[in-house]
Amino acid sequence: KKVQRDILTALTTLSFLDRNKSPICMNGALTPIIDCIDESQNGTTASKLACSAIANLIEATDNMQTIFNHGCIPLLISALESESESVRRESARAIGNLAVSIEYCDRILELGASRRLMSCFQRRNSECQRFASMALGNMSSNVKSHSELMENNILGLMKNEFLAFLDPKQCSDHETVRYCLLIISNMAVAKQSHSFMVDFYDILMDFTRDRDAKCRQYAIQALGNLCADPLQVKSLIDAKCSNAMILFSFPPTTDDAASAQFHAIAGLHGLSKIHEYRTALLREGSLEPLILGVRGNSKFSDSEIQHEAAAALSNL
């Protein structure tokens, strides 16, 4: 047992390096690593190491199919219920890395991972929360997950996390909040979620002013998605979200800002479809960034941005 644990430790350490990820999978190490995930048979230390190794190996996309075919997903999902924080953390990280692919995400959903990940998120351990939110963020990019996530009160969990983060008297993990904002942004793609998101408008507006670029980007992305729904436009206008849309529609200086610009201009396009708000959008200063958006940016040129800007101008 000690020799096996030492070998597993060595393999896990080696798996952190990109050049080792494919050789480990191709030379017969995968099966014994997966066999060690079961904590009841191998102990907490072996289970943590095995989950960590699998999470590392999945980062090489060439390994995903091989790891999936070895049937490790049920074992990883079971590991989410471990009493050990380190086992839960590493299993959540492995599931999150695998959920990047929609094909594997479907299987993860079928096996009930979302409920266990949300339970893991509520444990309040910062690292567990971070990787559980990462996994949920990747899963939420698959619209098939939305109904199950809604049933398990994902919006309530996210709202509580945002309010805690925005409260200067409480401590929160910045990276976890980024993933939570990504979840809301992904959920906002589907119109059936929009009616449940009214309470998030002011929260998202607060995050458009956050010092973190990713937080600003995901907040604008969520608001831009919501602006596509005519039924939400009045509430969004009342929340002054048009001001944020205009601000972020100006030409970007970084890649993150370019992504935010697209969603901001798409949001203006959505708002401009409602006749009674067109004059207000013009008065607030939407014309200049839209014209600049149509002209394009030599460094961050994007035909989709030009298309959305032209459509918004046409409406105005």
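**Surface and pockets of a predicted model**

Student: Why is Leu287 called partly exposed?

Tutor: In this predicted model, Leu287 has a relative accessibility of 40%, and since buried means under 20% and exposed over 50%, with partly exposed in between, Leu287 counts as partly exposed.

Student: Where does Leu287 lie, and what makes Leu287 part of a surface patch?

Tutor: Leu287 is placed in helix α21, which covers residues 287-295. A patch takes residues with over 30% relative accessible area and no salt bridge, and joins nonpolar side chains within 5 Å; Leu287, at 40%, is therefore above that cut-off, and together with Leu282 and Ile291 it forms a nonpolar patch with about 220 Å² of accessible area.

Student: Which helix gives the largest share of the lining of the largest pocket?

Tutor: That pocket, with a volume of about 290 Å³, takes five lining residues from α1, the largest share, while α1 (2-14) and α3 (30-35) each supply at least two.

Student: How do you know how the lining of the largest pocket divides by class?

Tutor: The lining residues include Lys1, Arg5 and Asp35, and because Asp, Glu, Lys and Arg count as charged, these belong to the three charged residues, beside seven nonpolar and two polar ones.

Student: What lines the second largest pocket?

Tutor: The second largest pocket, of about 170 Å³, is lined by 13 residues, of which Arg216, Phe248, Asp256, Ala257 and Ala260 lie nearest its centre. Two or more lining residues come from each of α16 (213-226) and α19 (255-272), and α19 gives the most, with four. By class, the lining of this second pocket has eight nonpolar, three polar and two charged residues.

Notes. Residues numbered from 1 in each chain as written. Predicted model: local features only at pLDDT ≥ 70, side-chain atom pairs only at ≥ 80, totals over all residues. Heavy atoms only, no water. Patch = residues over 30% accessible without salt bridge, like charges linked within 9 Å, V, L, I, M, F, W, Y side chains within 5 Å. Areas by Shrake-Rupley, 256 points an atom, 1.4 Å probe, with all protein chains shown as cover. Salt bridge = Lys/Arg side-chain N within 4 Å of Asp/Glu carboxyl O. Buried < 20%, exposed > 50% of the residue type's maximum accessible area, 1.4 Å probe, protein only. 1 Å grid on protein atoms, 1.4 Å probe; cavity = no way out; pocket = protein on both sides within 12 Å on 5 of 7 lines; lining within 4 Å. Points joined across faces, edges and corners; volume = space filled by probe spheres on them.
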